[in-house]
Structure formats: C-alpha cells, structure tokens
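The sequence and the model are shown first, and the description follows.

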Amino acid sequence: MNETLSLGRIAGIRIGVNWTVIVIFSLILLGLSTVQFPALFPELDVATAWIAGTIAAIAFFASLLVHELAHAVVARRHGVEVDGIVLWLFGGVAKLRGDAPSPRADLHIAGVGPLVSLGLGVGFGVLAWALVGLGVRGIAVGVLGWLALINVVLAVFNLIPAAPLDGGRILRALLWQVRGERTSAAVTAAKAGRVFGVGLIGLGLAQVVFVPGPGGLWLVLIGWFVTAAAGAEEQQARIQQALAGLRIRDLMTPDPVTVHPRVTVADLLDGYVLRSRFSSFPVVDEFERPVGLITLNRIRALAPEQRATTPVEDIACPADELALAGPDEPLTSVLPRMGACEDGRVVVVHDGRVVGIVSPTDVSRMLQVADLWDRHPEPPHSASDPRQQR
Ligand SMILES: [Zn+2]
C-alpha cells in the first residue's frame, strides 16, 4: 500500500496516507454525523453533529496511527527495519522490512498493537466516565464513548487468529515457538487467514441478501482483502521454505564487471555494456568498495544526447539505497532487502570488496530449481542437494 501523501515523521518513522483513506474517513464521518450521533442525541443541531463527527473521525485515525506506531517502535527495538506507516482503506499498515528474529520478538511486535488499542479504549472510556461523574451529559460523552468502543472493537477484531491480522501473527509466533520452525507456522496462520476471509465474504453476502444497507458489501470487501493478503503471505512463506538453507554464494554471479563512478555513460555503453553479458554494473571506488549500482534501466532513462557528459555516479543507484549482502548470508534474510533499488539487485561484498551480484532472475531460477527438486518422484539421496550447487 503506497503513500499518496506524506505526513512527515513521528519518532523517526515515516507516516503517510494512501488516497483510499478518504473513502473510510468519509463513511465514518457520514455515519457518525448523520446517523449515530443524531440518534443518540436527538436535540443535537446539524452543525454540532458534524463537528463532533469530524473530531471523532480524526481521533479514530489518530488511534489507528498510535496502534501502528506501537508495532513499528517495537519492531525497530527488535532490530527489524521499518519502512514507514501508511493509513489506507482498511486502517493502517506498519511496513516492516524483514522478519522478526525470534518467536518472542514476533509475539511482541504483533501483540503490542491490540494491547495499545485496548489501552486507548480503556483510556477514552475512563474519560467518558469521568465526564459523566462531573455531571456532563451530551455529545462530548458520546464522542469519548464511541472512541472507547471502537478502539476495544479494533483490539478484539485484530486478535482473531488469522493472518494478516495481528492475531494471525500472534498465532504464527506461538506455533513458531512450539514447532521451532517459522515457515510452517506462517503457512498455518495464513491458511487460518484464508478460512476467516472466506467466512467474512460468506457472512457479507448473507447480509447483502437478508439485511438492507451497505454493511454486507463492506464485509465482503474486508473478507476479500483478508483472503488475498493471507494467500500472499502463504506464498511468501512457501518461497522462504523452498529457499531455506541457501546462501548468497549459491546463486550469485561472481566477479561482476565493475565501473568507476567518473566514467561517462557513453564510455560505459561502449566499453562495458556492449562487451559483456551483464545488465547491471556495481560502481566501485579505487579500493573496489561499492558506491553504487548502474543498470540498463537507468541508462535507458537518460536522454541519449546527455550520455557523453553524464558520469555514471549521477544516475547510479546511490550507495545508501544499495542492497548489500555477504556471500554467506542466508538468501531468505536478504530477500526483503531486494526491493531497495528499483531493479531489485543485491551487491555481494566480502572484506569490503565487491565479489558478486544477485539479480531477481537468479532468485526466480533458483525457485524453479527448488520446485523441480520438491516434485522429483525419487530424490537421489546419494547425490548432493542441487539447491546447494551454483
Ligand atoms: Zn496491528
């Protein structure tokens, strides 16, 4: 889910909204201002109802943000990089780069979200209760009461043990702890997610038939999203399973052709690109240390008349965006980093020097080999695992 608009950073974590957030914000605002608040407080005038609805809707999204921030902060504390938080149609997503290092960390990162929502719910509830104690009646109590309720509902819904909900991640962490293995735990949590998603769709369709109003369609939409996301997680877990045990050196292309940052794009084309079979070239300094990566896609994006005057370093993927890995790193821990530069390549570095490169094609070829191996009717036990060979 990509951000359409950036809201800046909180605690160093990038916050953004996707345009679809307008849909859910409008639905909540409309529901509160024109249906729920007027029904609870019949004496309420139209303007006050809209103001109260706006405050409640904004506070709801702030609550969502706090929930996601909790995930992000705890993830970072466990050494998992955070790309940022995006609010969208179905709430919020904290985008984590990579997996939790242990079942315990997985549990903490997932569990803190519902815990924070529950805390917010109780907090708003106590405030509402205190206002009532002070003799305040009316819309202020209504807003606080609704915020208390919606946060508790959010906590409970998120605890349903089905991926991609927090409860699914908690289930994954617990199974991981019990089985001592993450992949099958993730597959089980994802399967639970698919069952739950299909159930939601069924429930929604039944509601569409028997209950008038848009509520059923909304359930169908959420169910569809849960099913799709759970399917994607299951696939990802299976990929990780297929690639488990592989190290970067097993699939990297060794000794790639490297290029100096001051070489012009024209010279790169004549001297390197047309004379080699590579489509990407690590940019290195005089000590062979990586300072960037240049790919055919990036060369293509440059106007041909500028090639003679533009040095490679100007259009290369810069060093701080470069995905680096050691030759002995497990492939599965490097995969999440492969999206860093848009071309999805990883530069392999040993003792500070560039020794290889891994492209998405290398990974997909390895996946096909792994798949062939898994479907082999009689694995030749005497032979070494082909996945271990280059
Ligand atoms: Zn959550």
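Just after helix α3, glycine 135 takes a positive phi of about 90 degrees; helices here are DSSP runs of H or I with at least four residues, strands are runs of E with at least two, and both are numbered from the N terminus. The model is a predicted one, in which local features need pLDDT of at least 70 and side-chain atom pairs count only at pLDDT 80 or more, while totals for chains, interfaces and linings use all residues. Residues are numbered from 1 along each chain as its sequence is written.

Helix α3 itself covers residues 103–133, and because its 31 residues at 1.5 Å a residue should span 45 Å, the 44 Å between its end C-alpha atoms agrees with expectation; the expected span is 1.5 Å times one less than the number of residues. Within α3, a kink of about 30 degrees lies at valine 112, shortly before proline 114, where the bend at a residue is the angle between axes fitted to the seven residues ending there and the seven starting there.

For the protein as a whole, the secondary structure comes to 13 helices and 11 strands, and the C-alpha trace spans about 80 × 60 × 40 Å along its principal axes. Of the 390 residues, 35% count as buried, a residue being buried if 20 or more other C-beta atoms, placed from the backbone, lie within 10 Å of its own.

The domain assignment, which is automatic or taken from a database, gives two entries:

| Domain | Residues |
|---|---|
| domain 1 | 5–243 |
| domain 2 | 248–375 |

The centres of domain 1 and domain 2, taken over C-alpha atoms, are separated by 39 Å. Six residues of domain 1 are in contact with 10 residues of domain 2, contact being defined as C-beta atoms, placed from the backbone, that lie within 7 Å. On the side of domain 1 that touches domain 2, helix α7 (residues 215–243) gives the most, with four residues.

An open sheet of three strands has the order β6-β7-β8 with antiparallel pairing, and two strands pair if DSSP finds at least two bridges between them. Its edge strands, β6 (280–284) and β8 (317–318), each pair on one side only. Five bridges join β6 to the antiparallel strand β7, residues 290–295, and serine 280 stands opposite threonine 295 in β7.

Definitions and conventions:
Two residues are in contact if their C-beta atoms, placed from the backbone, lie within 7 Å. A residue is buried if 20 or more other C-beta atoms lie within 10 Å of its own, exposed if 12 or fewer, and partly exposed in between; C-beta atoms are placed from the backbone.
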